[in-house]
Amino acid sequence: MIENRSYSRYRLEYKQRNGVTMTIKRIQTGPRMSQAVIHNKTVYLAGQVAPGASVAIQTREILTAIDALLAEAKTDKSRLLMATIWLTDMGTFAEMNGVWQSWVVPGETPARATVMSSHLASAEFKIEIAVVAAQP
Amino acid sequence: MIENRSYSRYRLEYKQRNGVTMTIKRIQTGPRMSQAVIHNKTVYLAGQVAPGASVAIQTREILTAIDALLAEAKTDKSRLLMATIWLTDMGTFAEMNGVWQSWVVPGETPARATVMSSHLASAEFKIEIAVVAAQP
Amino acid sequence: MIENRSYSRYRLEYKQRNGVTMTIKRIQTGPRMSQAVIHNKTVYLAGQVAPGASVAIQTREILTAIDALLAEAKTDKSRLLMATIWLTDMGTFAEMNGVWQSWVVPGETPARATVMSSHLASAEFKIEIAVVAAQP
């Protein structure tokens, strides 16, 4: 009897988990894109850009926006899986890295690829960052 | 007894689901790449390109190809998770967006990053789109 | 009684699997990035670059590094899901493809996007490859 009750509860948990796993959750959904999409405990963030006079300033703004989106997705930067970084000028690689390294959680850094995109959506943008993270 | 039968059926479903989850399914597999790969209910599409006189025309062709691949993968554009768009000329951003916005399902837009690739696999291509989607 | 024992064992397996699924495992974790991150049986590799006099040589080095990282992640190139390839010169597309095609497992090719990044992290690098793979 106890086993059966425990099993029923277990089956319910499985179905709930299952429901969560298969559901897609979208955050800040606009006509073109959502700022974040969650599926199967994996969080995909849209590429983030921000105005600012330098790559360092833009990077800081972008990482703050990423923190906020990860929080909305019920996770945080300690659970980053992959980051793709586009720079308009590879000469700003070190400047970006300085801000990046002071932001990531030591021991919990994501896989990463940093490449060039000579232009981004607007001429003012010098860097764009897209990340994939896990929910706890 | 009913509980036990129900449990056996449940265990079977779990194993089947499990089998599905761990399997990799590939669609239109060639010597270089597959056009789609499915794992863990997540569908990865190869970057799509198409000939055409303008970015608008190429975008339409690409999105039609994506629709067909998603159908082969037993899903559709309402379940897009992430899109990466490469343009050879960022000046065509608005032209691409016009076609894109009339294609995506309102309220179900994916995360997205749009960046530049000054050349694509062939000189005729002005845009390439890769998407990740979920199976229902 | 047998059913109950079997159920308990099953529940344990489920919890263990669950534990595995939700855990993030990082490989070769540095202050900036990890070379690989595993979550939910999905392995994200950092973009790989390698020195070498030609695109063919660099590609071979990169694919050897990818083999080693996939082995550390307890998987291999037969389970690739998606590859993103950045070339600094699209004129090397065929040269890269020659090496790529002799490396991938026939019938098990990943989805793939090949685009341009006019510069990579260091001027010597002509190609960068990032892959996503599945664990068995």
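# Report on a predicted model

Lys41(A) is a buried residue, with a relative accessible area of 18%. The cut-off for this label is a relative accessible area under 20%. The position of Lys41(A) is in the loop between S2 and S3 of chain A. Its phi is positive, near 65°, and the residue is not a glycine. The model described here is predicted.

## Chain A as a whole

Chain A holds 3 helices and 6 strands. Along the sequence these elements follow the pattern α-β-β-β-α-β-α-β-β. The chain has 136 residues, and 57% of them are buried. Its accessible surface is about 5,600 Å², and carbon and sulfur atoms account for 55% of that area. Of the contacts in chain A between residues at least 6 apart in sequence, 70% link residues that are at least 24 apart.

## Helix H2 in chains A and C

Helix H2 of chain A covers residues 55-72. At 1.5 Å a residue, its 18 residues should span 26 Å, and the end C-alpha atoms are 26 Å apart, which agrees. The buried residues of H2(A) are Val55(A), Ala56(A), Gln58(A), Thr59(A), Ile62(A), Leu63(A), Ile66(A), Leu69(A) and Leu70(A). Viewed down the axis of H2(A), the buried residues fall within an arc of 155°, so they line one face of the helix. What do these buried residues of H2(A) pack against? Their partners in chain A are strands S1 (24-29), S2 (34-39), S3 (42-45), S4 (80-87) and S6 (127-134), together with helix H3 (93-103). After H2(A) comes Lys74(A), which has a positive phi near 60°.

In chain C, the 18 residues of H2(C) should likewise span 26 Å at 1.5 Å a residue, and the end C-alpha atoms are 26 Å apart, in agreement. Buried residues of H2(C) include Val55(C), Ile62(C), Ile66(C) and Leu70(C).

H2(C) is followed by Lys74(C). This lysine lies in the loop between helix H2 (55-72) and strand S4 (80-87) of chain C. Lys74(C) is not a glycine, yet its phi is positive, about 60°. Is Lys74(C) buried or exposed? It counts as exposed, at 63% relative accessibility.

Glu95(A) belongs to helix H3 of chain A. With a relative accessible area of 35%, Glu95(A) is partly exposed. Leaving out residues up to four places away in sequence, Glu95(A) touches Ser54(A), Val55(A) and Ala56(A). A polar atom of the Glu95(A) side chain lies 3.3 Å from the backbone nitrogen of Val55(A). Glu95(A) and Thr59(A) are 36 residues apart in sequence, and their C-alpha atoms are 9.1 Å apart in space.

## Gln48(B)

Gln48(B) is placed in the loop between strand S3 (42-45) and helix H2 (55-72) of chain B. It counts as buried, at 8% relative accessibility. Its side chain makes a polar contact of 2.8 Å with the side chain of Gln35(B).

The relative accessible areas given for single residues are set out below.

| Residue | Relative accessible area | State |
|---|---|---|
| Lys41(A) | 18% | buried |
| Glu95(A) | 35% | partly exposed |
| Gln48(B) | 8% | buried |
| Lys74(C) | 63% | exposed |

## Strand S6 in chain C

In S6(C), 8 of the 8 residues are buried, so the strand is largely enclosed by the rest of the structure. Ile127(C), Ile129(C), Val131(C) and Ala133(C) point one way from the strand, while Glu128(C), Ala130(C), Val132(C) and Ala134(C) point the other way.

Which way do S3(C) and S6(C) run relative to each other? They run antiparallel and are joined by 3 bridges. Tyr44(C) stands opposite Val132(C) of S6(C). S4(C) also pairs with S6(C) in the antiparallel sense, over 7 bridges. The bridge partner of Leu80(C) in S6(C) is Ala133(C).

Technical notes. Residues numbered from 1 in each chain as written. Chains lettered and ligands numbered in written order. Predicted model: local features only at pLDDT ≥ 70, side-chain atom pairs only at ≥ 80, totals over all residues. Heavy atoms only, no water. Helix = DSSP H or I, 4+ residues; strand = E, 2+ residues; numbered from the N terminus. Expected span 1.5 Å × (residues − 1). Buried < 20%, exposed > 50% of the residue type's maximum accessible area, 1.4 Å probe, protein only. Arc of directions from axis to C-beta. Contact = heavy atoms within 4.5 Å. Polar contact = N/O pair within 3.5 Å; in protein donor to acceptor, adjacent residues only side chain to side chain. Areas by Shrake-Rupley, 256 points an atom, 1.4 Å probe, with all protein chains shown as cover. Pairing = 2+ DSSP bridges.
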